[in-house]
Amino acid sequence: MNAPGTNPLIVVSAVCVFDEAGRLLTVRKRGTDKFMHPGGKPEAGETAAQTAARELAEEVGIVVAADELVLLGIWFADAANEAATQIQATVFTAPGVWHAHPSAEIAEIRWLDLAEKLPDDLAPLLTDHVLPALSGQPG
């Protein structure tokens with residue numbers, strides 16, 4: 001429960017996956033305009049890694065065992081698609097090279113070349129925390 005006057009908090013897990021060109025997978029959910037990592041909210045009894053693995057399979061068809069995911073970090077950020085809401089995100093990387101296709105609530109996927117200028121429609125978690133962590137910069 002949130003203290004009076006504080007923003008709601010949503011707990012999520014997300015996964016960074018890369019293709020053969022080293023590009024980072026981002027997704028846009030139906031009815032939203034921000035791109036983010038595949039991921040979502042836990043179901044009852046799931047660990048963060050189990051949530052991440054399940055969401056990855058449901059949203060983009062990538063099947064990876066929860067115990068193969070590598071923890072990148074845990075961050076708080078503004079929710080991309082819910083006003084006045086914070087997320088607590090446990091973010092993993094999935095070692096290997098992947099191919100993805102949009103499923104479930106995913107309207108669009110986009111592979112980001114991190115060496116290029118980044119688009120301005122990325123979720124705050126991605127720009128404020130994950131991209132600096134992937135590049136080894138404080139974030």
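This report walks through the strands, cores, loops and salt bridges of one predicted model.

**Strands around E5**

Start with strand E5, which spans residues 86–93. Six of its eight residues are buried, so E5 is largely enclosed by the rest of the structure. Strand E1, residues 9–16, pairs with E5 in the parallel sense. That pairing runs over eight bridges. Within E5, Phe92 has Val15 standing opposite. Strand E4 covers residues 70–78. E4 and E5 pair in the antiparallel sense, over eight bridges. Here Gln86 of E5 stands opposite Asp78.

**Two nonpolar cores**

The largest nonpolar core has 20 residues. Val15 is one of those with the most contacts inside it. Val17, Leu25, Leu56, Val60, Ile62 and Leu69 are the others named for the most contacts. Strand E2 (24–29), helix H1 (48–60) and E6 each supply at least two residues of this core. H1 gives the largest share, five residues.

Leaving aside neighbours within four places in sequence, Leu69 is in contact with Val15, Ala49, Ala52, Ala53, Val64, Phe92, Thr93 and Ala94. Another core lies apart from the largest one. This other core has 18 residues, including Ile10, Phe35, Ala89 and Leu126.

**The loop between E4 and E5**

Two residues of this loop deserve a look. Thr85 lies in the loop between E4 and E5. Is Thr85 buried or exposed? Thr85 is buried, because its relative accessible area of 9% falls under 20%. Its side chain reaches the backbone oxygen of Ala83 at 3.0 Å. Beyond neighbours within four places in sequence, Thr85 is in contact with Asn7, Pro8, Ile10, Ala77, Asp78 and Ala79.

Ala84 is found in the loop between E4 and E5 too. Ala84 is exposed, at 52% relative accessibility. Its phi is positive, about 55°, although Ala84 is not a glycine. Most residues other than glycine have a negative phi. Ala104 also has a positive phi, of about 50°, and is not a glycine. Ala104 sits in the loop between E5 and strand E6 (106–112). With a relative accessible area of 45%, Ala104 is partly exposed.

**Salt bridges**

How many salt bridges does the structure hold? The structure holds nine. Three of them are set out below.

| Salt bridge | N to O distance |
|---|---|
| Lys29 and Glu105 | 3.7 Å |
| Glu55 and Arg54 | 3.2 Å |
| Glu58 and Arg54 | 3.3 Å |

The Lys29 and Glu105 pair links distant parts of the chain, 76 residues apart. Lys29 is in strand E2, while Glu105 is in the loop between E5 and E6. Lys29 is buried, with a relative accessible area of 18%. Glu105 is partly exposed, at 32%.

The other two pairs share Arg54. Glu58 and Arg54 are four residues apart in helix H1, so about one helical turn separates them. Arg54 is buried at 16% relative accessible area. Glu55 is buried too, at 8%. Glu58 is partly exposed, at 35%. Arg54, Glu55 and Glu58 are linked with Glu43 and Glu46 in a network of salt bridges.

Conventions:
Residues are numbered from 1 along each chain as its sequence is written. This is a predicted model: local features need pLDDT of at least 70, side-chain atom pairs count only at pLDDT 80 or more; totals for chains, interfaces and linings use all residues. Side-chain values use heavy atoms; hydrogens and water are left out. Buried means under 20% relative accessible area, exposed over 50%, partly exposed in between (1.4 Å probe, protein chains only). A polar contact is a pair of N or O atoms within 3.5 Å; within protein, one must be able to donate a hydrogen and the other to accept it, and residues adjacent in sequence count only if both atoms are side-chain atoms. Contact means heavy atoms within 4.5 Å. A nonpolar core is a set of buried Ala, Val, Leu, Ile, Met, Phe, Trp, Tyr and Cys residues joined through side-chain atoms within 4.5 Å. Two strands pair if DSSP finds at least two bridges between them. A salt bridge is a side-chain nitrogen of Lys or Arg within 4 Å of a carboxyl oxygen of Asp or Glu.
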